[in-house]
Amino acid sequence: MASDHDAEDILKPLVFRLHENVPKAVREVLLERGWSEFDEQEQDEADWNLYWQNSPFRMTDHRSIKPWQRLNHYPETARITRKDYLARHLKRMKGIYGPSLYEFSPVAFIMPNDYVKFMAEYTKERQALGRKPSYWICKPVALSRGRGILIFQDIKDFVYDCMVIVQKYISNPLLISGYKWDLRLYVCVTSFCPLTIYTYEEGLVRFATEKYDLGSLDNVYAHLTNTSINKFGASYKKNKEGIGRGCKWTFSKFRSYLRSHEVDDLLLWRRINNIVMLTLLAVTPSVPLTSNCFELFGFDILIDDKFKPWLLEVNYSPALHLDCSIDTTVKKRLLHDIIELLNYKQTDTLRENKGASTKSSYAGRTHIRLTTQNENATDDSPDFLASKQSLLDVARGSFKKGAIAMGKMSRTQPRKTLTSQLRERMNKPKPSSQSKAASKSKQLPGARHSPHASVQVTHWLPTTESFNYKLTIPPYFVSAKDKRPFPRIGDFVLIFPFNDAALEASRNGIDIKSIIHEIHKLMSKQLP
Ligand code: ADP
């Protein structure tokens, strides 16, 4: 009987639950990895490991989360994904921490509330002698995919009939072969407390499909880079000089393009990572304390002709449908890497309250040191971004030769799904009961990092007294080895915390002031 039970345990696949509008690619990737889909008729309410939907979950869903489960949203993250909320948050941060840090987002006015302020700015500019008046872009706050957008220079062309944001139009974008483009950067937050941010090294460059021309402000194919618009343009399928067909490149192609033009892109990626951190800091204190969630954001970044990156907006549930082969390459791999980031372990397949401690005390405040997987950070290197092989080098891809290259190497082999590994295991001799027990806590097939353990989680969670909702689940996003977030998983690169002080300041609640201070220091080291 005992052996039957064990075989049953081992054969249980991980289970996903999808809301109806979730793109097909999510299901495809999970099935490829040997997962099975939740069946409401057949399975118990809690008999799943991942629930994915495009909209937020209810607080009751968060509160009833089990140790083996993950939700693909944190509560309250829409605070930065609606255009007006984002503008407000960034304006507030700029007011508190100064324009030198928060000058990456174009000046914005929320209409109708800011109408008087906007008119004052518009008039002031018009009256300033010798200055060319700005261009403005008007975007409905609650719409996406380029819908309802209007670009204007003269106030007589400005009309709106719903709540909109009017933003300074970045009229000097860096063009490639005369075409405007922007970057869709994927960012995954595996925890808001302590704050843990990964940026994805691969991503999409999204092109407009007609040449940029300030003389035709109403030509959406020249001024907007949304795929949802450009795929209907007359030039979409044409082989455009210097760009090719369609309207997308991968970041890899973009990096090669920059290097072939002798552009050192390191500084650019550093500045982009700083934008991501500073933006997420604006919302972090408002995210309620919840366990076992993650949030994938799509950051839209425009680069101007002085190589300055601008944040245009942050997308909630960024599009994951596959429009073209470039989407397939980037997004399927992204989804695989997200699942890796979720650090499932063998016990999670059981979907029972065993094997994981759910009643730990999380009040500890032990000081811990940040290390990379090959331990190249030491106590005497308080800022591991400083020299040697920094995480920002990793972010840029130049640290692939050492230990981190292991992640890459494993990618060249077919990914082992749970099913394939189980098949392999079934062909092996039966393990002893002792090694079986040990294997229960081993990492899942295909995972390239070790699982978290239920002990020592005390280092990673805030004191419970300060929150109404008490966390009872150990964090899933740290390594068993050093109780720190993995510096790299697949193409996800940890950008926050970036040193011990940043870690310390986000561990017991969030000390924004100290973190900003660290970012300031980091920037003054990074930037010329
Ligand atoms: P949506 O949510 O509708 O996609 P975005 O803010 O992403 O709205 O804007 C859509 C597109 O418009 C962007 O991808 C970019 O090409 C262009 N755009 C938006 N804001 C600006 C701006 N301030 N300056 C220049 N171009 C912009």
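**Exercise 1: the largest cavity**

The residues that line the largest cavity comprise 9 nonpolar, 6 polar and 10 charged, where Ala, Val, Leu, Ile, Met, Phe, Trp, Tyr, Cys and Pro count as nonpolar, Asp, Glu, Lys and Arg as charged, and the others, Gly among them, as polar. The model is predicted: local features need pLDDT of at least 70, side-chain atom pairs count only at pLDDT 80 or more, and totals for chains, interfaces and linings use all residues. Residues are numbered from 1 along each chain as its sequence is written, and side-chain values use heavy atoms, with hydrogens and water left out.

Task: determine which residues are closest to the centre of the largest cavity and which element gives the largest share of its lining.

Step 1. A cavity is a set of points, on a 1 Å grid over the protein atoms alone, where a 1.4 Å probe fits but cannot get out; lining residues have an atom within 4 Å of a point. The largest cavity has a volume of about 320 Å³, volume being the space filled by probe spheres set on the points, which are joined across faces, edges and corners.

Step 2. Closest to the centre, among 25 lining residues, are Ile137, Lys139, Ile149, Asn226 and Leu312.

Step 3. Two or more lining residues come from each of β6 (136-140), β8 (164-168), β13 (295-303) and β14 (309-316); the largest share, 3 residues, belongs to β6. Strands (E, at least two residues) and helices (H or I, at least four) are DSSP runs numbered from the N terminus.

**Exercise 2: two ring pairs**

Task: classify the pair Trp35 and Tyr344 and the pair Tyr200 and Phe492.

Step 1. Rings of Phe, Tyr and Trp (its six-membered ring) pair if their centres lie within 6.5 Å; planes under 30 degrees apart count as stacked, over 60 as edge-to-face and the rest as tilted. The whole structure holds 24 aromatic pairs.

Step 2. The ring centres of Trp35 and Tyr344 are 5.1 Å apart and the planes stand at 85°, so this pair is edge-to-face. Trp35, in the loop between α2 (24-32) and β2 (36-37), and Tyr344, in the loop between α10 (325-341) and α11 (391-396), are 309 residues apart.

Step 3. For Tyr200 and Phe492, the centres are 4.6 Å apart and the planes at 55°, so the pair is tilted. Tyr200 belongs to β10 (residues 195-200) and Phe492 to β16 (residues 492-496), so the contact ties together parts 292 residues apart in sequence.

Technical notes
1 Å grid on protein atoms, 1.4 Å probe; cavity = no way out; pocket = protein on both sides within 12 Å on 5 of 7 lines; lining within 4 Å.
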